[in-house]
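Q: I have a chain open on my screen and would like to talk it through. Can we take it one piece at a time?

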Amino acid sequence: MAQLWGGRFTKETDEAVYQFNASIGFDQKMYRQDIEGSIAHSKMLGKQGIISQEDVDAIIAGLESILADIESGKLEISSRYEDIHSFVEANLIDRIGDAGKRLHTGRSRNDQVALDMKLYTRNVIDHTDVLLKDLLMVLLDIIRNNTDTYMPGFTHLQKAQPTTLAHYMSAYFEMFVRDRQRLADIRKRMNLCPLGSGAMAGTTYPLDRAYTAELLGFDGPTRNSMDSVSDRDYVIELLSAFSTVMMHLSRFSEELILWNSNEYRFVEMDDAYSTGSSIMPQKKNPDIAELVRGKTGRVYGALISILTTMKGLPLAYNKDMQEDKEMAFDAFETVGDCLYLFTGMLSTISFRKDVMAKSAMNGFTNATDAADYLVNKGVPFRDAHGIIGRMVLLCIDKNCAIEDLSIDEFKELCPAFEEDIYDAISLETCVNKRLTLGAPGREAMDKVIAMYEAYLKDSKSL
């Protein structure tokens, strides 16, 4: 057992207690952040004259060699150490001697842990933003190519009104834009540097916290040392935002799973993102979509876990906070994997446009437009609503679509119907006469597509 705090103790830590207390099994993921933070801290110590420049140079060289050896596989992170912080510092001392013992001057493991977690979380946000943008690019390509791909829209999982695949995909585009905005908001709010807060009450050394923050790409130092070491709001916020990302992916997955079924047949999943059955040779299962849907609960669990951990903690640091990492790291990885695989799956899906259009025609999705037609002919809306309701019952009885009725049948229901009813209730007319911003009409969608293109080009807010 390699520890850096044994001076106060006269007995060895019980092995079971040591293993229960240790975090290196999961916080080793932060080795790069720990080294980056230590390099910045040593530069600040040298700038302030707290340690010599000779020691700073030795520390930086030693830390850089540790980083290189870890990433090349030459140095293995060992469970002999309690955490990644003690692993890095012990190896540094082994390599450069007494200079390595001066690195921790003016620093506590509490503010070191807080820094590493912030740096790691910030990297996760940046990586996730790239993945979300990749997904938006795929969605935009589908939107551009399907402004005339007619399909039914649904409410209550029942066919409601005709729309287009472009309009449908645009709804998900909006969701993932909001996800990016949430991440940007979290990143901005969390981007203050806790290093220099010490254990909970700062330090007597003349640290330049603003300089350390600048070196690490923060907007400045945190303003309260107790809050700095006990703040995990940014982890909670990120897991909340990630839960929303997964909720969006899960809804989208559910949609595609339904569309892939024999009952819908709207899409054909690519073989690379499907699996078969061990007993039923005809099966082609949408496993990636199903797994994304299933893993949503895993991310929700991480959010509930950290909320529960933090709810009863007094100021300042408590060991309970070590529980912020293991499930959070799992959630971070899960979201990244789901976004990457979902984007690949979506980019290879084939849309059966003929089936979609036929489904819209056979689902009475143009019933509202037929009622509007009568209103424009002077029939009161409530009367028009009743007439079209009786028309739908007639079509159900005849097993036909509204547009399959003869003009005589239309007139029998209401004398206001004329030959132009057929054009009025065609899918093209029903969709393209809806021109308000946000509607599926071609003119409205072209405006939205231009907004999306500008947004993805400049990453400006919509």
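**Notes on the chain**

A: Start with His 156, which is exposed, with a relative accessible area of 73% (exposed means over 50%, buried under 20%, partly exposed in between, using a 1.4 Å probe and protein chains only). This is a predicted model, in which local features need pLDDT of at least 70 and side-chain atom pairs count only at pLDDT 80 or more, while totals for chains, interfaces and linings use all residues. Residues are numbered from 1 along each chain as its sequence is written, and side-chain values use heavy atoms, with hydrogens and water left out.

Q: Where is His 156 found?

A: His 156 sits in the loop between β1 and β2 (158–164). Helices (H or I, at least four residues) and strands (E, at least two) are DSSP runs, numbered from the N terminus.

Q: And what about phi of His 156?

A: His 156 has a positive phi of about 55°, although it is not a glycine. Most residues other than glycine have a negative phi, and most peptide bonds are trans.

Q: What about Leu 157, what is its phi near?

A: Phi of Leu 157 is near 60°, again positive in a residue other than glycine. Leu 157 is also in the loop between β1 and β2, and at 57% relative accessibility it counts as exposed.

Q: Which peptide bond is cis?

A: The bond from Leu 315 to Ala 316 is cis, with omega near 0°. Ala 316 is in the loop between α12 and α13 (326–348).

Q: Change of topic. How many helices and strands does the chain have?

A: The chain has 20 helices and 4 strands. Its radius of gyration is 30 Å, well over the 23 Å that the globule rule gives for 462 residues, so the chain is more spread out than a compact globule. That radius is taken over C-alpha atoms, and the rule is 2.2 Å times the number of residues to the power 0.38.

Q: What box do the C-alpha atoms fill?

A: Roughly 100 × 50 × 40 Å, taken along the principal axes.

Q: How much of the chain counts as buried?

A: Of the 462 residues, 50% count as buried. As for contacts (heavy atoms within 4.5 Å), residues 24 or more positions apart account for 75% of those with a separation of 6 or more.

Q: OK, salt bridges. How many does the structure hold?

A: The structure holds 30 salt bridges, each being a side-chain nitrogen of Lys or Arg within 4 Å of a carboxyl oxygen of Asp or Glu.

Q: Which residue does Arg 293 pair with?

A: Arg 293 forms a salt bridge with Glu 254, and the closest N and O atoms are 2.4 Å apart. Arg 293 lies in helix α12 (residues 287–310) and Glu 254 in helix α11, so the pair ties together parts that are 39 residues apart in sequence. Arg 293 is partly exposed at 31%, and Glu 254 is partly exposed at 34%.

Q: What separates Asp 98 and Lys 101 in helix α6?

A: About one helical turn, because they are 3 residues apart in helix α6 (residues 98–101).

Q: Last one, the second largest pocket. What is its volume?

A: About 290 Å³. On a 1 Å grid over the protein atoms alone, a pocket is an open set of points where a 1.4 Å probe fits, with protein on both sides within 12 Å along at least five of seven lines. Points are joined across faces, edges and corners, and the volume is the space filled by probe spheres set on them.

Q: What lines the second largest pocket?

A: It is lined by 13 residues, meaning residues with an atom within 4 Å of a point. Phe 154, Tyr 168, Ala 171, Tyr 172 and Glu 255 lie nearest the centre. The helix α8 (165–190) gives the most to the lining, with 5 residues.

Q: How do the lining residues divide?

A: Into 7 nonpolar, 3 polar and 3 charged. Ala, Val, Leu, Ile, Met, Phe, Trp, Tyr, Cys and Pro count as nonpolar, Asp, Glu, Lys and Arg as charged, and the others, Gly among them, as polar.
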